[in-house]
Amino acid sequence: MDQAEFVHLVRLSEQASAQDSRAYRRNVAMFAALGYAWVIGCLVLATGLIVWLVPRLLHGRFRFALVWGLLAALGLLWASLRALWLRFDAPDGVTLTASDAPLLFEALERIRKKIQGPPIHAVYLDGEFNASIQQTPRWGLLGGAVNTLTLGLPMLMALDRQRLLAVLTHEYGHLRGDHGRFAAWIYRTRLSWMRLHDSIRGDQNVASAATQAFLNWYFPRFAARTFALARQDEYEADRISGRLLGTDVATAALVEIEVKGSWLSEQFWADHWRTAATTALPVGPFQAMRKQLNQTPEPDFAREALRQALARVSNVSDTHPGLRDRVAALGGQPALPEWSRRSALQLLGEGAERWIEHFDKQWCRDNADGWKQHHAWLRRVRERADALAASRATNNAAELVEEASLRRQLDPHADLRPLYELALQRSDEHPGALQGLVQTTPAADRGARLQALQRLWDASRDYRWWAARRAVEALETSRAGLEHDAAALKLWRERRKQAEEAEDRAWEELHQMPYFSQVTRHDLSTFELGEVQAELARCRPVVRAWLVCKTLREFPRRRAYLAFVELPGMADEDRYELCRWLEQHLSLPGPVLVLWAGEAPTLDEIRRGAFEPVYPQVVA
C-alpha cells in the first residue's frame, strides 16, 4: 500500500467514526477478527495436511511430493503457532517495587481506583524523557494482557507532582472501561502483527513467504482502519486526566513537556556532549539534568518552542494529536504556564539519589566509545579553528565564516559577531557572513534582523528559504514594544512559499535518474573530508562509501552531494532507514541524498560513475 492509499483509508475511518461510532467499532472488530481467522485457518489447514500426509508416508506410499508437502505443512504450522504464542521482551530500564518508591505506588493505586482501571503488573524506570503504559499480549494474539508502566527519570525531574500525576492519569486512561479495553485489545493485536512481521522477515520457507504476503496486505489496512480509534483514545485519555487533576493542570503539563522536551533535545544534550572537549572520560548527564530541568526555561526559547509546537499539524504519521488540538479538546489555553517549582522526584522517596547515580553510571558505560570519538572530533575542530585564527589577518570571507562556524560548535554562546562583520568588510554580500550576522543579532532587535535577512535574500538564491523562514518566525512572534507588521509578514510568507517550491524542485532534481548525470568529484577540503570519514567510521554497517558533487539546475552554485554506501547483510527496510539517518547527520556543506548499493544503482554502476571511494581510505 502506498502513502496516498493509506491516507485515504485513514480519512475514511475518521469519517466513519464521526458518523456512527458504534458501527465503526464493529467494523474494526470484524477486520481484526479477519486476522485471527487467517491464523487459525492456517493452523487448521496445517494440522489437517499433517494428519493426511503422515499415514501415507508411514505405510510405504512414499512420494517425493509428499515429503515436500509435509515440510510445507510443518512450516505453516510453526508460523501459525508463532503468531498465536508470540512472546514479548521486557521493557528497558530497572524494575521498581512498592518498597523502592511507596509514594509512587500509592499514587498509582489512587488513580486506578478513580478510573476503575486494571492493575499494573510491573513498573520500570528508565532514562528517557517519557512516560507510557504499555499493554502487551502475554503470549501473542491469544491470551491475557500484561500492563507495564515505564516512567522516565527526566520526566520526574521536569514536572511537579500534580503535573506528573496528570501524565500518569492520561496513560492509565488508555486502559479504562469497556472502550479502553477494546482500544487496548486493538493495540495489542497491532503490536502482535508488527512483531510477527519482524520475526519472520528473514525466513525463506514457503509458509513464511505466505505469512509475509498476508501481513503486507493486511497490516497497513488494519493500521489505517484503526487510526481513528487510536486518535480518539488519546483525546479521551486527556479528558480523563483533565477531570481528575483539573484542566489547568493537564494543559500546563502538556505545554511544559513540549517546552522542556525541546530544550533537552536542542540544548541540553548538545551542551553535555560539548564537555567532551575538556574531558576524555564520559560524564553522566542526569545529575546536571536534575538541576537544570528544575529551573525556569529561558523566555525566548520557551516562546519559540511553544510556537513551533502549536504550529505542528496533527497528521497520519502519529496517532498522537498535535499540541494545539490536544489543548483545544481539553478546553485549555495554549500559553506558557507557571513552571514547576519542585520536581516529582519525591515520589521515588529516599532512593532518588541512588537512581540518578545508577543511570549516570549506566550512561557512561553505554557511551564510552562515542564519547572518546567525540572528544577526538572536538580536538580536531579546535585545532582547525586555531589554525584559521592564526592567519585571520589574511583570510578571505569564506575562511572567516568557517572559523566562526567551528567556534560555534565549540561554544554556542561565543561572541562571533566580530568575525562575521570582518568577513562582510572583505566581501560585503557573502551569504554565509550575512547568515551569521542574522544569527548574532538579538531577536528583540527585529528591525536589524529583517534588514540583514533582506540583504541575504538579495545576495543568494541558495539561502532564500532559510531567510524567508527566519523572517516569518520573527514577524509571527509577538514581542513587547513591537507592532504587528501585517504587510511585511504577507510579503515574507509569499517569499517563503516561492523558496519552498524552489527547494522542492531542487530535491526532486537530486533524486532524478540517471544518478551519475551532471556529477563531478567531491569538492571537500581535507578537513571536511576527514570529518565525513570519521562519521562513516562510527556507522559500523557501512563498509565502503563514495561521494560525488551533483550540479543542480535550480541552484547552480549550491554544494549538493550524492553519497553511495555499501551495506552488506542488511534488509532493505533497515538500509532505507540508515540512509535517511545519514542524510541528517553527515557533516556536509550542502544537501545530500544517500543511496545504498543495490538494484538502482548497482555496485558496478557506482564503481564506474562515482570515482574512487572516500571510505575506507584507499592505501596507496
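# Briefing on a predicted structure

The side chains of N395 and S391 are joined by a polar contact of 2.9 Å. This contact belongs to a predicted model, whose chain has 620 residues, 46% of them buried. The secondary structure of the chain comes to 24 helices and 8 strands.

**The chain as a whole**

- Taken along the principal axes, the box filled by the C-alpha atoms of the chain is roughly 95 × 65 × 50 Å.
- Among contacts in the chain with a separation of 6 or more, 75% are between residues 24 or more positions apart.

- N395 belongs to the loop between α15 (368-390) and α16 (397-410).
- Is N395 buried or exposed? The relative accessible area of N395 is 5%, and a residue counts as buried under 20%, so N395 is buried.
- When neighbours within four places in sequence are left aside, the contacts of N395 are L388, L400 and R426.
- The polar contact named at the outset, at 2.9 Å, links the side chain of N395 to that of S391.
- L593 stands 198 residues from N395 in sequence, and the C-alpha atoms of these two residues are 32 Å apart in space.

- Helix α1 (residues 3-19) contains S13.
- With a relative accessible area of 6%, S13 falls under the 20% limit for buried residues, and S13 is therefore buried.
- Which residues does S13 touch, not counting those up to four places away in sequence? They are Y24, A224, R225 and A228.
- One of these, A224, is 211 residues from S13 along the chain, yet the C-alpha atoms of S13 and A224 are separated by 7.4 Å.

**The pair α6 and α9**

- Helix α6 covers residues 161-173 and helix α9 covers residues 227-245; their axes are 8 Å apart, and the two helices pack at an angle of about 140°.
- Why are α6 and α9 described as oblique to each other? An angle has to be over 145 degrees to count as roughly antiparallel, and the angle here is about 140°, so the pair is oblique.
- The crossing in which α6 passes α9 is right-handed.
- On the α6 side, the residues that meet α9 are Q162, L165, A166, T169, H170 and G173. On the α9 side, they are E234, A237, D238, I240, S241, L244 and L245.
- Sorted by class, this contact of α6 with α9 holds 6 nonpolar, 5 polar and 2 charged residues.

**The pair α20 and α21**

- Helix α20 (residues 464-476) and helix α21 (residues 486-511) have axes that come within 8 Å and cross at roughly 150°.
- How are α20 and α21 oriented to each other? Their angle of roughly 150° is over the 145 degrees that marks the roughly antiparallel class, so α20 and α21 are roughly antiparallel.
- The crossing in which α20 passes α21 is left-handed.
- From α20, the residues R464, W465, A467, A468, R469, A471, V472, L475 and E476 take part in the contact. From α21, the residues A488, L489, W492, R493, R495, R496, A499, E500 and E503 meet them.
- By class, the contact of α20 with α21 has 10 nonpolar and 8 charged residues, with no polar ones.

**Backbone features**

- Most peptide bonds are trans, and most residues other than glycine have a negative phi.
- The peptide bond joining M513 and P514 is cis, with omega at about 0°. P514 is in the loop between α21 and β5 (519-521).
- The loop between α21 and β5 also holds Q518, which is not a glycine but has a positive phi near 60°.
- A cis peptide bond runs from Y615 to P616, where omega is near -5°. P616 is located in the segment after α24 (603-609).
- Q116, although not a glycine, has a positive phi of about 55°. The position of Q116 is in the loop between α4 (102-115) and β2 (122-126).

Key
Residues are numbered from 1 along each chain as its sequence is written. This is a predicted model: local features need pLDDT of at least 70, side-chain atom pairs count only at pLDDT 80 or more; totals for chains, interfaces and linings use all residues. Side-chain values use heavy atoms; hydrogens and water are left out. Helices (H or I, at least four residues) and strands (E, at least two) are DSSP runs, numbered from the N terminus. Buried means under 20% relative accessible area, exposed over 50%, partly exposed in between (1.4 Å probe, protein chains only). Contact means heavy atoms within 4.5 Å. A polar contact is a pair of N or O atoms within 3.5 Å; within protein, one must be able to donate a hydrogen and the other to accept it, and residues adjacent in sequence count only if both atoms are side-chain atoms. Axes are lines fitted to C-alpha atoms, for helices over the stretch in contact, and angles run from 0 to 180 degrees between N-to-C directions. Angles under 35 degrees count as roughly parallel, over 145 as roughly antiparallel, 65 to 115 as roughly perpendicular and the rest as oblique. A crossing is left-handed if the near helix is turned anticlockwise from the far one by less than a right angle, and right-handed if clockwise. Ala, Val, Leu, Ile, Met, Phe, Trp, Tyr, Cys and Pro count as nonpolar, Asp, Glu, Lys and Arg as charged, and the others, Gly among them, as polar.
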